[in-house]
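Me: Could you take me closely through one part of this model, namely its sheets and what surrounds them? I'd like one connected account.

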Amino acid sequence: GYDQVLAWQEEAVRALKADPAAPARLFLVEHQPVITLGRSGDRSTLLATEAELERRGVTFRETRRGGDITFHGPGQWTLYPVLRLDAVGRDLHRYLRRLEEVALRFLAGYGLAGERLAGKTGVWVRSAGRTDKVAALGIAVTNWIAFHGLAVNIQPDLSAFRDLLVPCGIPAAEGGVTGLAALLGRSVD
């Protein structure tokens, strides 16, 4: 559940604040269905009613991470590094590009060419005349300690992105959402 994973991250942040020798942590999770709204998000990008979310078993959480609105659920890997940015440089944009690089290299391992789009955070893939997002990012930083992170779509229920929200506040006409399985045309374990 999202609330449990957030509690783990907050505990790791507290440990890093309290002890300079505390280790960085990395949480790799597959969430139960949840929609999160980041600090720069607009609730109008949530398309579903509370009743529809409940019917589909999806929770909704407003969060302190940057970015807009997104869906997390089965078939998606979410990586939450909790680390001191001093260790990688106090540059938020460089850190975001490093998280994108994780997704780019992961996709390359499957023979797919992911890319960054100017002015947009995340990783995108061009396929069948479309440009769709395959990985989303949203971080929070306190005292130069970063948490939250990167979500990579492996084989999620893509209808959740289409029916329940405007992913990352980006209208479908400007790019949809896809997953590794859809790009490969086969199931991915």
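To begin, in what order do the three strands of the open sheet with mixed pairing lie?

Reply: Happy to walk you through it. Please keep in mind that this is a predicted model, in which local features need pLDDT of at least 70 and side-chain atom pairs count only at pLDDT 80 or more, while totals for chains, interfaces and linings use all residues. Residues are numbered from 1 along each chain as its sequence is written, and side-chain values use heavy atoms, with hydrogens and water left out.

The order you asked for is β3-β2-β4, an open sheet with mixed pairing. Strands here are DSSP runs of E with at least two residues, helices are runs of H or I with at least four, and both are numbered from the N terminus; two strands pair if DSSP finds at least two bridges between them. At the edges sit β3 (59-62) and β4 (69-72), each pairing on one side only. Neighbouring strands in this sheet are turned by 20° against each other on average, direction ignored. Strand β2 (residues 34-37) runs parallel to β3, and four bridges join the two. Within this pair, Leu37 stands opposite Glu62 in β3.

Now for the other sheet. Six strands make an open, antiparallel sheet in the order β1-β5-β9-β8-β7-β6. Its edge strands are β1 (25-29) and β6 (114-117), which each pair on one side only, and the twist from one strand to the next averages 20°. Five bridges join β7 to the antiparallel strand β8 (residues 130-142), where Arg130 is the bridge partner of Ser127.

Two helices meet these strands. Helix α1 (residues 2-18) lies across β1, β5 (76-84), β8 and β9 (145-153), at about 15° to β5. Helix α3 (residues 92-108) packs on the sheet and touches β5, β6, β7, β8 and β9, its direction making about 140° with that of β8. Such angles run from 0 to 180 degrees between N-to-C directions, with axes as lines fitted to C-alpha atoms, for helices over the stretch in contact.

With 2% relative accessibility, His148 counts as buried (under 20% relative accessible area, with exposed over 50% and partly exposed in between, for a 1.4 Å probe and protein chains only). Neighbours within four places in sequence aside, the contacts of His148 (heavy atoms within 4.5 Å) include Tyr2, Leu6, Leu79, Tyr80 and Ile139.

Finally, look at the charged side chains. Arg130 meets Asp132 in a salt bridge of 2.7 Å, N to O (a side-chain nitrogen of Lys or Arg within 4 Å of a carboxyl oxygen of Asp or Glu). Asp132 is buried at 10% relative accessibility, while Arg130 is partly exposed at 42%. Another salt bridge links Glu174 and Lys120, with the closest N and O atoms 3.8 Å apart. Because Glu174 lies in the loop between α4 (158-163) and α5 (180-184) and Lys120 in strand β7 (residues 120-127), this pair ties together parts 54 residues apart in sequence. Both partners are partly exposed, Glu174 at 48% and Lys120 at 26%. The whole structure holds 15 salt bridges.
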